[in-house]
Amino acid sequence: MKLRLLALLALAVPSSTLLSPREALACGGCFAPPTQTTVVNAHRMVLSLSPVQSVLWDQIQYAGDPSEFAWVLPVKPGAFLEVGSDAWFETLDAATSVRITAPNSTCATRGGGCGATLGSSDAAGAFGGGDQVTVLHRGTVGPYETVTLATDTPGALNTWLEENGFGVDASTQPVIDAYVEESFDFIALKLQPGKDVKEMKPVRVVMPGANPTLPLRMVAAGTGANVAITLFTISEARLAPEGFAAAAVPIDLLAWDFAPQESNYSVLREKALAAADGGRAFLTPYAQQGSLFSPVSSPAAPFGVRYTTSGSTTPVDTIAAAFAQQGLANRETQDTACAVRFAEIATESRAVANPCPAGVPLSDPSCGEVAAGQLDARELACGALDDLAVAMVGLHPKDVWLTRLEANLPRAALDTDLVLSPAPQERVDNWLRARVSVHADVLCGAATPLLDGDRPSRTRGQGTLVGMALGALALAAAIARRGVRRLASRPA
C-alpha cells in the first residue's frame with residue numbers, strides 16, 4: 001500500500017505549571033513520496049492549556065487529493081489519541097474570523113438620507129511488526145487505524161515505517177532517531193481501507209500537564225514556500241508567540257467598496273504579515289475573555305454578536321451554543337439540551353474535572369464522580385460531541401480566554417519552535433468598521449455621500465476613492481483587479 005501523506009507531531013514531557021520551559025507539546029509536519037504531488041498548505045490547530053492537561057487538535061489542509069493519510073506522532077508515555085469533531089473547528093473559525101462593517105454613510109439630500117450600516121464578513125492493510133520495535137497497542141479511532149510503538153534502537157523505527165508503507169524522507173530520519181534517543185513512544189495512524197476521506201478528520205492528542213511549545217521545525221516537511229497557520233488557544237490567559245513579530249493590520253486604511261460589497265481587509269492582512277520581520281510574524285485578530293459561554297458586544301455590533309451556523313437559520317448568542325448547534329447540523333450529536341446547560345456555566349468559578357480514566361470517553365459507565373467544589377466535565381458534553389468538555393478540563397469557565405493567532409510563515413521561519421507565553425491581557429475585537437468608502441455613489445446616486453458625519457466635500461463625487469492614504473496604495477484598483485475573499489458567516 002502506498003503512502004500518500006505522512007504527518008509527524010511531537011508531544012513532550014508534561015510540566016507542572018501552565019507555562020513551562022521549552023518542552024514541545026505537539027505540531028504537524030507532512031511527508032509524501034516523491035511521486036506524489038500532495039502539498040500541505042495550511043494547518044488549523046486548537047491548543048487548550050490548563051495545569052491538569054494539554055490538548056492539541058490538528059487538521060491539515062492540503063492541495064491534492066490523497067487517498068490515504070498516515071501519521072506518526074512521537075509521544076511521551078501517558079498521551080493518548082482521540083478523534084475530534086468537524087463542528088469544533090467550524091465553529092471556532094466562524095466565530096473568530098474578522099468581520100467588516102461598512103462606514104456609517106448618509107447622503108446630502110433633502111429629507112434625510114440613505115443610511116448604510118451594512119455588515120459583511122471579509123473576512124488499508126494492517127500494521128506489521130518488527131524485531132526491534134514493540135507494538136504496545138492496536139486500535140481504531142474514527143476513520144483511522146492506530147498502533148502505539150516503542151523502540152530503543154536508533155534506525156529501527158525508520159525501518160518499521162518503511163516496511164509498513166510510510167515513505168519517510170531521508171532528511172527526516174535523524175529527527176525520528178532523536179525522539180527515539182529521548183525515550184519517546186510513537187503513535188502511527190493510517191486511514192482505514194475503503195474510507196473515502198477528502199478532508200482530514202481532526203484528531204486530538206491529550207496528555208497530562210501543561211506545555212505551551214509547538215515545534216515548528218516539524219511543520220517544514222511537506223509544505224510549499226509558505227504555510228498558513230491558524231491557532232486557537234484556550235487558557236486562563238491571552239497567549240502570544242515568543243520570538244515572532246506581532247503583525248498589525250492598519251485599520252485607518254480599512255476601506256469598504258459599496259459596489260461589490262467587499263472590503264480590502266484581506267489585502268491589508270497579507271501585506272502586514274509579509275512586511276513584519278520578513279514574514280516571521282503572527283497576527284492576533286481575536287482575543288476575548290469569557291466569550292465561549294457569555295455573549296459579547298462590539299462597537300461595530302453594538303446590539304451584540306450573534307452566530308448563525310450552517311444548517312440553521314436561528315442565531316445564537318454564544319460560541320458554545322453555536323458549537324452545539326453546528327454539531328446537530330453535522331449530525332455529530334443528537335443532544336438538543338446541551339446549549340441550555342452551557343448558558344448556566346458562563347459565571348462558573350469551579351474548575352472543570354474529568355471523572356473518567358485516561359482515554360475513556362465521558363459517556364463510559366466506568367467514569368466516577370468529581371470531587372466537591374469541581375464542575376463535572378460531562379455537563380459540558382453534548383453526547384459524543386465532547387471537544388468543548390475536553391478543552392475545559394482544569395480550567396475555570398468564567399476566566400477562560402479564547403485567542404486566535406494567524407500566520408503565513410515562509411519555510412525559513414520554521415527553524416524554531418513556537419513558544420506561547422502570556423501577552424498583554426487586552427481584548428482584541430474581530431468586528432471592525434471600515435474607515436473609508438469606495439463607490440459610495442452606489443448608495444446615493446447623484447447626491448454627495450456623507451461619511452460618518454462628515455460634511456459634503458467637493459472632492460467626493462461619484463466613483464471617487466475617499467481617503468488619501470487609500471489612494472496612495474491604489475487599493476481601489478486592487479479591489480477591482482483581484483477581488484477580495486469574503487469570509488462568509490458560515491464556517492469555511
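Visitor: What is the S to S distance in the disulfide that joins C356 to C367?
Guide: This is a predicted model in which local features need pLDDT of at least 70, side-chain atom pairs count only at pLDDT 80 or more, and totals for chains, interfaces and linings use all residues. Residues are numbered from 1 along each chain as its sequence is written, and side-chain values use heavy atoms, with hydrogens and water left out. A disulfide is a pair of cysteine sulfur atoms within 2.5 Å. C356 and C367 are joined in this way, with an S to S distance of 1.9 Å.

Visitor: Is C356 buried or exposed?
Guide: Buried means under 20% relative accessible area, exposed over 50%, and partly exposed in between (1.4 Å probe, protein chains only). C356 has 10% relative accessibility, so C356 is buried.

Visitor: Which residue does a disulfide join to C338?
Guide: The search of the whole structure finds two disulfides. In the link that includes C338, the S to S distance is 2.1 Å, and the partner is C382.

Visitor: How many residues apart in sequence are the parts that C338 and C382 tie together?
Guide: Helices (H or I, at least four residues) and strands (E, at least two) are DSSP runs, numbered from the N terminus. C338 lies in helix α6 (residues 338-343), whereas C382 is in the loop between β22 (374-376) and α7 (387-392), so the parts tied together are separated in sequence by 44 residues.
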